[in-house]
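Here are my notes on this structure, as numbered points. Please read them with the structure open.

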Amino acid sequence: QPNLEAWARSHPPDADVLEVGAGHYDHRPLFRCKLTKFDADEGQKPDIVGDAHAMPMQDERFDAALAISVLEHVDDPYQVVREMYRVLKPGAPVFAWIPFTFGVHGFPEDVSRFTTFGMRRLFERAGFEIVRIDEKPYAGAFLQMTNLVHFVLPRTDHRRWVRPLNKALFLLFRMGYPLDERFSKLKLKNLYT
């Protein structure tokens with residue numbers, strides 16, 4: 001199963017990868033090539049500021065695109081993916097990650113979710129050829145608890161005690177991820193036997 005780190009390393013050093021809706025993430029250390037950060041929020045200090053529905057850049061500029069947890073926040077994800085297709089060189093790959101079983105959250109609004117079928121439709125309608133879509137059929141109780149901590153006790157809360165409590169609870173529930181994986185495998189095994 002490909003992960004972001006492996007995908008990031010797969011690009012040649014002279015590539016220019018567009019990160020759509022980069023937000024506060026810093027994925028640059030994962031890449032050995034240029035990563036151009038694009039976001040609507042100037043406060044996130046992106047390389048290019050603009051609306052993903054009408055990207056202020058020329059056609060066929062980028063060698064690849066990255067969209068991590070952004071397509072659920074836009075008003076029209078179909079238009080945003082069409083724009084991604086427009087600004088990418090022909091055949092350029094996209095690494096997109098859209099949560100499905102995840103707490104409703106802001107940044108600025110949480111608009112939509114996509115099933116595997118929905119993701120296929122979203123990208124194929126824009127002109128992309130689908131190489132691979134992965135999904136986790138079971139997210140897990142401990143994963144859901146870390147999500148709950150993240151959104152009930154946000155790390156940016158003004159109260160001084162919230163941040164350390166958030167971190168402590170997150171790390172505590174994070175230790176349960178192996179149990180989630182074990183239960184997921186057991187559940188899948190029972191489905192197919």
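Helices and strands here are DSSP runs, numbered from the N terminus; a helix has at least four residues and a strand at least two. The model is predicted.

1. Helix α4. Met145 sits in helix α4, which spans residues 141-152. Met145 is partly exposed, at 32% relative accessible area. With Leu148 and Val152, Met145 makes up a nonpolar surface patch. Together the three residues have about 260 Å² of accessible area. The cut-off for a patch member is over 30% relative accessible area, so please note the value for Met145, 32%.

2. Strand β2 and its neighbours. Is strand β2 enclosed by the rest of the structure, or open? Five of its six residues (34-39) are buried, so β2 is largely enclosed. On one side of the pairing list is strand β1, residues 16-20, which runs parallel to β2 and is joined to it by five bridges. Val17 has Leu35 in β2 as its bridge partner. Strand β3, residues 48-49, also pairs with β2 in the parallel sense, over two bridges. There, Asp39 is bridged to Val49 in β3.

3. Strand β4. Which residues cover the two faces of β4? Ala64, Leu66 and Ile68 lie on one side, Ala65 and Ala67 on the other, and all are buried. In a regular strand the side chains alternate between the two faces of the sheet. The count for β4 is five buried residues of five, so the strand is mostly covered by the buried criterion of under 20% relative accessible area.

4. Partners of β4. β1 pairs with β4 in the parallel sense, over three bridges. Val17 stands opposite Ala64 in β4. Val17 also has the bridge partner Leu35 in β2. Strand β5, residues 94-97, pairs with β4 over four bridges, again parallel. Leu66 stands opposite Phe95 in β5.

5. The structure holds seven salt bridges. One of them joins the side chains of Lys34 and Asp16, at 4.0 Å from N to O. This pair links distant parts of the chain: Lys34 is in strand β2, Asp16 in strand β1, and they are 18 residues apart. Are the two partners buried or partly exposed? Lys34 is partly exposed, at 48% relative accessibility. Asp16 is buried, at 12%.

6. Salt bridge between loops. Asp47 and Arg28 form a salt bridge, with the closest N and O atoms 2.3 Å apart. Again distant parts of the chain are linked: Asp47 is in the loop between β2 and β3, Arg28 in the loop between β1 and β2, 19 residues apart. Asp47 is partly exposed, at 43% relative accessibility. Arg28 is partly exposed too, at 35%.

7. Glu83 and Arg86 form a salt bridge, with 2.9 Å between the closest N and O atoms. Both residues lie in helix α2, three residues apart, which is about one turn of the helix. Glu83 is buried, with a relative accessible area of 9%. Arg86 counts as partly exposed, at 23%. Asp59 joins Glu83 and Arg86 in a network of salt bridges.

8. Loop between β4 and α2. This loop lies between β4 (64-68) and α2 (77-87), and Asp75 is in it. Glu72 is in the loop as well. Asp75 is exposed, at 63%. The C-alpha atom of Glu72 is 8.1 Å from that of Phe114, 42 residues away along the chain.

9. Charged surface. Asp75 belongs to a patch of negative charge on the surface, together with Asp51, Asp76 and Glu109. Please view this patch alongside the nonpolar one formed by Met145, Leu148 and Val152.

Notes: Residues are numbered from 1 along each chain as its sequence is written. This is a predicted model: local features need pLDDT of at least 70, side-chain atom pairs count only at pLDDT 80 or more; totals for chains, interfaces and linings use all residues. Side-chain values use heavy atoms; hydrogens and water are left out. Patches are made of residues with over 30% relative accessible area and no salt bridge: like charges are joined within 9 Å, nonpolar side chains (Val, Leu, Ile, Met, Phe, Trp, Tyr) within 5 Å. Accessible areas come from the Shrake-Rupley method with a 1.4 Å probe; for residues, only the protein chains shown count as cover. Buried means under 20% relative accessible area, exposed over 50%, partly exposed in between (1.4 Å probe, protein chains only). Two strands pair if DSSP finds at least two bridges between them. Lys and Arg count as positive and Asp and Glu as negative; His and the chain ends are not counted. The place of a charge is taken as NZ of Lys, CZ of Arg, CG of Asp or CD of Glu.
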